[in-house]
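Please examine the sequence and the structure shown here before reading the briefing.

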Amino acid sequence: VTETRLTIQHETKQFCHLFFSTPSFLPPRISLLTRRACGAFQAFSLFVKAKEVPVAARCAAGGDGVRWRCCRQGFEELSGIHRHVALQHGGDVGQRAAAEGSPAGSADGPRGHCRGTPEIAWALPDTSHVGHDDLTSKVGEVLLYYCYCEVKNPEELCAWQKALCQHLHLTGKVRVASEGVNGTVGGSKVATNLYIEAMLSQPLFKDIMCQEDFKSSAGGAHCFPDLRVGVFKEIVPMGIDPKIVSYKETGIHLSPQEFHKEVEQYLSQASQGQSDTILLDCRNFYESKIGHFQGCLAPDIRKFSYFPSYVDENLELFKDKRVLMYCTGGIRCERGSAYLRSKAACREVYQLKGGIHKYLEEFPDGFYRGKLFVFDDRYAICSNEDIISACRYCGTLWDQYKLCSSQHCRQLVLACPSCRNKGLTACCPVCQEKELKVTSRAPGQILKEECDCTRRRQRVPIENVSQRTLLAGKN
């Protein structure tokens with residue numbers, strides 16, 4: 001205890017000296033210092049503590065050596081890590097101090113908060129008991145989650161998410177908005193467990209989210225090229241203001257077991273031409289192409305932002321129908337079902353809670369066939385052995401996506417190994433030709449552009465109602 005007190009006293013003195021000697025760290029109003037000094041000192045000390053190398057790791061290295069690590073640098077002296085934090089992370093510490101020190105609803109509190117709204121807690125998980133190798137292990141998992149809730153200060157939540165992910169060496173993508181948060185992150189099993197604990201402890205989420213809201217699959221930090229955390233208008237881009245179509249008007253949630261029974265009944269009735277139900281896939285065409293529920297209606301759309309237009313153009317198809325909706329993890333169904341309900345065409349709208357991810361955990365060999373597309377470098381995860389898609393060149397069964405080899409293109413391609421060995425690696429002949437021209441030129445910056453096959457694709461397909469009735473249950 002005495003040693004801890006001395007350490008805190010020493011860090012406080014160091015903080016005071018660096019606080020006033022570092023211009024970038026000076027607060028806009030010096031009068032705030034007296035009120036927030038305690039929180040600032042604590043934030044600085046906690047930040048330094050979070051960068052401490054565990055004793056076990058230091059012993060394994062053959063002695064004390066490096067005691068702190070930050071920004072890929074090692075520090076042996078306390079003064080070294082203090083100066084580094086003050087110079088390089090002054091803004092982070094200042095934000096954390098403000099979040100911890102300002103009373104809710106006060107005039108000087110964090111912008112956007114009001115009385116009665118949960119504040120963002122800046123606490124980061126204690127990793128002092130975790131070895132560096134365990135925290136950064138390549139053998140891990142990828143988490144997928146979302147939470148719709150009122151966020152008064154998305155910028156602050158965004159800053160905490162970024163600090164949390166960096167602290168735990170996680171990569172991935174996190175979207176923050178005034179309507180909630182949507183994320184997919186990868187890292188070691190230890191890191192993802194700590195991430196879940198931190199999320200469930202966050203006052204903003206602790207009464208809304210639970211362990212079941214996090215979908216996991218084998219993977220790790222290597223599944224993403226980097227970490228991207230940002231503030232957006234929507235946590236899933238449907239292209240409609242959340243105030244106009246709100247997640248609060250969503251359809252009825254069905255558990256995987258309930259959804260399984262509904263699909264079973266639907267397929268039985270559809271095979272006899274008696275079904276009044278539509279099994280609707282809310283995902284993009286390249287997702288449903290490699291995996292989908294039997295008998296589903298999979299719109300041939302490229303982006304979820306096209307979904308509202310698809311509904312508008314095909315309202316007759318949904319008239320007086322029961323609709324069973326599904327997507328990867330459930331988030332697109334939240335706003336998608338709300339939009340469908342706003343049109344007052346369907347009799348009932350249901351959605352799969354937890355999405356295909358949760359369904360496959362309970363029914364790996366159920367009515368969903370093929371692979372599940374994911375938005376990371378894996379492209380797909382597998383739960384059964386079915387291959388339902390084909391190579392675009394020779395037609396052989398194949399479901400492993402690769403990016404179009406033409407550097408200007410963004411599209412995914414299904415090309416089997418045999419065709420790839422023949423040089424057939426682009427999404428269309430135009431791209432293949434462009435690739436040959438580009439590789440023959442001198443190296444230089446190549447700008448991304450819309451592919452020719454994408455440009456020719458119908459943006460919003462119009463379904464044939466009578467044909468859909470005949471085909472239901474047969475695919």
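This is a predicted model: local features need pLDDT of at least 70, side-chain atom pairs count only at pLDDT 80 or more; totals for chains, interfaces and linings use all residues.

Residues are numbered from 1 along each chain as its sequence is written, and side-chain values use heavy atoms, without hydrogens and water.

**Confidence**
- The protein averages a pLDDT (the predictor's confidence in each residue, from 0 to 100) of 83, and 76% of the residues score at least 70.
- The pLDDT is below 50 over residues 11-36, a stretch with 36 contacts (heavy atoms within 4.5 Å) beyond near neighbours in sequence.
- Residues 102-115 also have a pLDDT below 50, with 29 contacts beyond near neighbours in sequence.

**Helix α8**
- Helices (H or I, at least four residues) and strands (E, at least two) are DSSP runs, numbered from the N terminus.
- Helix α8 (residues 189-201) has 13 residues and spans 18 Å from its first C-alpha to its last.

**Helices α9 and α14**
- Helix α9 (residues 256-270) and helix α14 (residues 355-362) pack with their axes (lines fitted to C-alpha atoms over the stretch in contact) 9 Å apart, at an angle of about 90 degrees.
- The two helices α9 and α14 are therefore roughly perpendicular (65 to 115 degrees) to each other.
- P256, Q257 and H260 in α9 meet K358, Y359 and E362 in α14.

Technical notes. The expected span of a helix is 1.5 Å times one less than its number of residues. Axes are lines fitted to C-alpha atoms, for helices over the stretch in contact, and angles run from 0 to 180 degrees between N-to-C directions. Angles under 35 degrees count as roughly parallel, over 145 as roughly antiparallel, 65 to 115 as roughly perpendicular and the rest as oblique.
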